[in-house]
Amino acid sequence: MKDKKAKIFTEEFFPQIEALNNFAYHLTYNQSDAEDLVQETFLKAYRFIDKYDEGTNAKAWLFRILKNAFINEYRKKSKAPQAVDIDQANLLKDEDEKAFKGFHDLREEMFQNMMGDEITNAINTLQEDFRTVILLCDVEDFTYEEIATILEIPIGTVRSRLHRARNLLREKLRNYASSKGY
Amino acid sequence: MIMSNLKKKASEFENKFISSSLEKRLSSDAKQELAEELKTNPEYFKRLENDEDFQLFIRSKFKRKEVSPALVDSIKSKIGF
């Protein structure tokens, strides 16, 4: 049994540590807290490994554990409930209906000249719900279905949240680029 | 009535192809069907292209955090590996 656990950890779980650490950092904004969260995730994975089917989707399984640990433990400890940014949420509330028209074209030169830090900082300024879907979909390449499972929300919500998040991010990047004279 | 039917058709198309394509769940037959449909629907093509461009842009620019070897060692020691 121990050999089986070691095999799963070595071959399936540890290869995900960089992605988990990255996600944890962008949830907590603090490297030490992120490392605690990643550590907690691996300890929980060890404790509940019987619930994991070997050779399936380790990355999505671990991300779900991390997200729940963040909600149940980290956020409770920090005593900072997630505030809903009404302005941000309302800004594009009608977009679901006109999804075909709300393109987020980032091929313009002013975007291409941006550095990684600027993009990363802009993502960090998004409200948590929007930041999370961008990280899961655009950074970690999860499918909509996987994101729905990780976040425990309907797939339609993933789709509309991602659409809003991308448009918010585009606006932030556009404003930033304009302020820098790109 | 005509507008309503067009909207319904657009929504069905969105669910059947665009979303599935972005979810990387299209069968090869459906991929072929999508390719044919996109030739006649430039707006869908632009939507798909923009979503893919957005992903590529973010992924190529995003700065990832490095994992400290101490974190890996600490986890291994706590789970007894």
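At what angle do helix α9 and helix α10 of chain A pack, and how far apart are their axes? In this predicted model, local features require pLDDT of at least 70 and side-chain atom pairs pLDDT 80 or more, whereas totals for chains, interfaces and linings use all residues. Residues are numbered from 1 along each chain as its sequence is written, and chains are lettered from A and ligands numbered from 1 in the order in which they are written.

Helix α9 (residues 144-151) and helix α10 (residues 155-179) of chain A pack at about 105°, with axes 8 Å apart. Axes are lines fitted to C-alpha atoms, for helices over the stretch in contact, and angles run from 0 to 180 degrees between N-to-C directions. α9(A) is therefore roughly perpendicular to α10(A) (65 to 115 degrees). Helices are DSSP runs of H or I with at least four residues, numbered from the N terminus. Y144(A), E145(A), I147(A) and A148(A) of α9(A) meet I155(A), V158(A) and R159(A) of α10(A), contact requiring C-beta atoms, placed from the backbone, within 7 Å. This contact comprises five nonpolar, no polar and two charged residues (nonpolar: Ala, Val, Leu, Ile, Met, Phe, Trp, Tyr, Cys and Pro; charged: Asp, Glu, Lys and Arg; polar: the others, Gly among them).

Between the chains, the contact involves 33 residues of chain A and 27 of chain B. On the chain B side, α1 (2-22), α3 (42-61) and α4 (69-78) each supply at least two residues; α3(B) gives the most, with 11 residues. The chain B side divides into 11 nonpolar, four polar and 12 charged residues.

How values were computed:
Parallel < 35°, antiparallel > 145°, perpendicular 65-115°, else oblique. Contact = placed C-beta atoms within 7 Å.
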